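Trainee: I would like to learn how to read a model residue by residue. Where do we begin?

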Amino acid sequence: MTSALTLRYTTQMRLDIERMTREMSDLQAQVASGQRAQDLQGFAGKSNQVVNAQGLLALSEARASAATQLSARFGVQADALANAARAGVDLSTAIRSALSADDGRTLDIDLSVAFSSVVTSLNETWNGQPLFAGERVGVRPVPLGSIDDLVALPSGQWFDESERHQVVDLGAGAPVPLADKASEIGAGLLTAMRDLKVVIDAAGGRLSDDLTPTQRTQLEQIADALVAAANVVTASEGRTGQLARRIDDERDRLTTRANLLSRELAEETAADIPRISIELSTLEAQYQATAKIFSDLSELTLLNFLR
């Protein structure tokens, strides 16, 4: 009878030890991972909620990251537009100074400097992507090699860009252009520069220190055209600033949403470490006590009794 009871007790204790081993292993896994379950099956009826929350969190974080990158792009974009507009204004100022001094001998140099600045600005890139080429990648939107190309080539060949703008979706399902195309912001500047080049070439490649009435009229018109064209570029710079603010607001909204989703997800999936530590400590004490009793019962043989 005693042997039967002992066998029954030892069997039950072995089962209890196995159960406590599994429970301690599960609790230790929760402590190590910080999660209540190691897979979706462990969340039972809440698995769909967890999956949905994880998807929304990943989407919000991805969009917030993209918005952060765009903020940096807009800084480069605004600088490029400001440089192009400044080049046009500086050249206009140089022309008016020449008119005031009745000396146009340095205008060919001023023109060359302004042309280089405008072309460089319109060909500016961000992460290898041209800023003002629309959707087109891997090409310069203004492929002009020198100022002579302005006269040699028709204006239709001044630009190499896509028909459509590069756009961004702010999450409202209404994509907005990231930037104007080079032809939209630079055509006026380059046209005025071409006209100045024609005037200079007609004078033999360099204006003199005694401008003719015709030259003065032409130069006045070109100076006015450069200011008007620079204003077009400045307006584009203003639109860039407005879009940058929208992107920053959207980034802040997405970051706030991601933080909220992260907290909600943690409430559903994160392990309660303090509670688990107490349970683990209790289980370890029970395990040790049960293991000790199991060991003692296992040694209850007739030979040990006779000793």
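Mentor: Begin with exposure. Buried means under 20% relative accessible area, exposed means over 50%, and partly exposed lies in between, with a 1.4 Å probe and protein chains only. D160 is partly exposed, at a relative accessible area of 27%. This is a predicted model: local features need pLDDT of at least 70, side-chain atom pairs count only at pLDDT 80 or more, and totals for chains, interfaces and linings use all residues. Residues are numbered from 1 along each chain as its sequence is written, and side-chain values use heavy atoms, with hydrogens and water left out.

Trainee: What is pLDDT, and what does the chain average?

Mentor: pLDDT is the predictor's confidence in each residue, from 0 to 100. The chain averages 80, and 65% of the residues score at least 70. Residues 39-45 fall below 50, and this stretch has nine contacts in the model beyond near neighbours in sequence. A contact means heavy atoms within 4.5 Å. Where pLDDT is low, the predicted coordinates should not be read in detail.

Trainee: Back to D160. Where does D160 lie?

Mentor: Elements come from DSSP runs, numbered from the N terminus: helices are H or I with at least four residues, strands are E with at least two. D160 lies in the loop between α4 (148-152) and β3 (167-168).

Trainee: Which residues does D160 touch?

Mentor: Leave out residues up to four places away in sequence. D160 then touches R136, V139, R140, P141 and P143. With R136 there is a side-chain to side-chain polar contact at 2.3 Å. A polar contact is a pair of N or O atoms within 3.5 Å; within protein, one must be able to donate a hydrogen and the other to accept it, and residues adjacent in sequence count only if both atoms are side-chain atoms.

Trainee: How do I read a salt bridge?

Mentor: Side chains of opposite charge can pair when their charged atoms come close. The criterion is a side-chain nitrogen of Lys or Arg within 4 Å of a carboxyl oxygen of Asp or Glu. R136 and D160 meet it, at 2.3 Å from N to O. R136 lies in the loop between β2 (129-130) and α4, and D160 in the loop between α4 and β3, so the pair ties together parts that are 24 residues apart in sequence. R136 is partly exposed too, with a relative accessible area of 32%.

Trainee: How many salt bridges does the structure hold?

Mentor: Nine. One of them joins R216 and D102, with the closest N and O atoms 3.4 Å apart. R216 lies in helix α6 (residues 213-269) and D102 in the loop between α2 (47-101) and α3 (107-122), so this pair ties together parts that are 114 residues apart in sequence. R216 is partly exposed at 26% relative accessibility. R105 and D103 also pair, at 2.8 Å from N to O. R105 is partly exposed at 37%, and D103 at 22%. D148, K197 and D201 are linked in a network of salt bridges.

Trainee: What about backbone angles?

Mentor: Most residues other than glycine have a negative phi, and most peptide bonds are trans. D102 has a positive phi of about 55° although it is not a glycine. D102 is partly exposed at 24%. N127 also has a positive phi, near 55°. N127 lies in the loop between β1 (125-126) and β2, and is exposed at 64% relative accessibility.

Trainee: Now the interior. Is S236 buried or exposed?

Mentor: S236 is buried, with a relative accessible area of 2%. S236 sits in helix α6. Leaving aside neighbours within four places in sequence, S236 is in contact with L81, D180 and I185.

Trainee: And how do I read a core?

Mentor: In soluble globular proteins, nonpolar side chains tend to be buried together. A nonpolar core is a set of buried Ala, Val, Leu, Ile, Met, Phe, Trp, Tyr and Cys residues joined through side-chain atoms within 4.5 Å. The largest here has 43 residues, of which I95, L190 and M193 touch the most other members. The elements giving two or more residues to this core are α2, α3, α5 (182-202) and α6. α2 gives the most, with ten residues.

Trainee: What does L190 touch?

Mentor: Not counting residues up to four places away in sequence, L190 touches F115, V118, V142, L144, L150, W158 and F159. A second, separate core of eight residues includes L70, F74, V176 and I247.
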